[in-house]
Amino acid sequence: MHGEYKVPGGKLVVVDLDVEQGVLRDVRVAGDFFLEPDEALLAINRALEGAPADTDARGLAGRVEAALPEGAVMFGFTADAVGVAVRRALAHATDWTDYDWQLIHEGPQPPALHMALDEVLTEEVALGRRPPTLRVWEWASPAVIIGSFQSLRNEVDPEGAERHGVEVVRRISGGGAMFVEPGNTITYSLYVPESLVSGLSFADSYAYLDDWVLGALGDMGIAAWYQPLNDIATDAGKIGGAAQKRVVSGAGAVLHHVTMSYDIDADKMVEVLRIGREKLSDKGTRSAKKRVDPLRRQTGLARAAVIDRMIASFRERYGLADGKVTEEEAAQAQRLAEAKFGSWEWTTRVP
């Protein structure tokens with residue numbers, strides 16, 4: 001069995017192993033990490049040898065930590081990363097480069113249709129009818145997108161939304177409310193097979209699926225990092241947030257979508273969103289306006305240029321062929337937008 005885990009912001013950990021009578025055998029750890037002293041690698045392999053195959057990642061990491069020589073230095077990886085790589089080997093996890101990725105970047109769409117496309121395309125990947133896909137959104141109108149479990153009345157000021165012509169829609173993933181305006185927001189979705197995140201905890205999958213965009217931002221001069229559970233942050237402030245939804249149809253798939261602020265009308269945002277003190281208390285700031293630091297200011301690039309560089313970075317890493325929403329997918333999404341995501345019943349499912 002073979003497993004790989006690229007540590008977000010770090011190095012690659014590779015594990016090859018066999019399982020005999022329910023325990024790990026012939027364990028071989030490798031990678032482009034740094035480790036001192038040299039014999040520490042043998043200690044890691046010995047620590048994993050004979051471990052029960054149902055040991056979770058933290059339990060495997062504990063065995064590694066206990067076996068390391070005194071003063072050992074692990075640079076670019078951790079004992080936890082070794083544990084994750086082992087679990088990915090046991091789960092027969094796939095890698096980004098195992099797939100022929102497709103790009104969808106089409107014209108502006110209404111907010112409810114974007115919500116529907118996310119559901120439809122994730123299902124299509126789960127059922128094997130669509131390859132793993134990166135979709136970059138274009139917005140036809142301003143919107144607030146609330147999380148699947150958020151209270152509408154607690155998150156949105158209806159008078160502010162009506163005054164500014166902001167449509168409110170509810171997505172299928174959890175997480176917090178997002179305020180978007182055409183030209184001021186960069187949103188994308190990844191539709192990936194469940195096997196790509198096999199062996200990863202829910203929290204680890206966020207960092208794993210965000211790693212490529214951190215690299216793309218770094219190429220644009222932005223030192224960004226993943227901030228648990230679902231933020232993309234810089235020294236200047238938060239620039240984006242992620243959310244996920246798991247689909248169990250077919251072989252299973254994961255929707256991972258991210259909204260980043262290219263520019264923002266902060267005054268309008270606080271008139272539309274009800275952003276309470278409790279929400280801000282763990283963010284180290286007193287003002288919602290100071291929580292978000294747009295990409296326009298940090299890069300000096302046009303929005304289209306930022307998107308082009310993001311797409312180019314993904315293509316260079318994993319390959320990416322231009323594609324489109326099929327006629328069948330578009331028709332299904334349109335029906336779903338009208339029947340579900342554009343309905344008052346869905347939007348107010350949590351009043």
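Biologist: Hi! What covers the buried residues of α12?

Modeller: The cover includes α4 (111-126), β9 (167-170) and α13 (344-347). Helices (H or I, at least four residues) and strands (E, at least two) are DSSP runs, numbered from the N terminus. This is a predicted model, where local features need pLDDT of at least 70, side-chain atom pairs count only at pLDDT 80 or more, and totals for chains, interfaces and linings use all residues. Residues are numbered from 1 along each chain as its sequence is written, and side-chain values use heavy atoms, leaving out hydrogens and water.

Biologist: Which residues of α12 are buried?

Modeller: They are E329, A333, A337 and F341. Buried means under 20% relative accessible area, exposed over 50%, and partly exposed in between (1.4 Å probe, protein chains only). The four cover an arc of only 75° around the axis, so they lie on the same side of α12. That arc is taken from the directions from the helix axis to the C-beta atoms.

Biologist: Why do residues three or four places apart point the same way in an α-helix?

Modeller: Because an α-helix has 3.6 residues a turn.

Biologist: And what does the face turned away from the buried side carry?

Modeller: That face of α12 has the exposed residues E327, E328, R335, E338 and A339.

Biologist: New topic: how many aromatic pairs are there?

Modeller: The structure holds 15. Rings of Phe, Tyr and Trp (its six-membered ring) pair if their centres lie within 6.5 Å; planes under 30 degrees apart count as stacked, over 60 as edge-to-face and the rest as tilted. F34 and F75 are tilted, because their ring centres are 6.0 Å apart and their planes are at 55°. This pair links distant parts of the chain, with F34 in strand β4 (residues 34-36) and F75 in strand β5 (residues 73-75), 41 residues apart.

Biologist: Is F75 buried or exposed?

Modeller: F75 counts as exposed, at 55% relative accessibility. F34, at 48%, counts as partly exposed. Then there are W96 and W101, whose ring centres are 5.4 Å apart with planes at 25°, so that pair is stacked. Both W96 and W101 are buried.

Biologist: Last one: where does pLDDT stay under 50?

Modeller: Over residues 277-287. pLDDT is the predictor's confidence in each residue, from 0 to 100. Where it is low, the predicted coordinates should not be read in detail. The protein averages a pLDDT of 94, and 95% of the residues score at least 70.

Methods:
Contact = heavy atoms within 4.5 Å.
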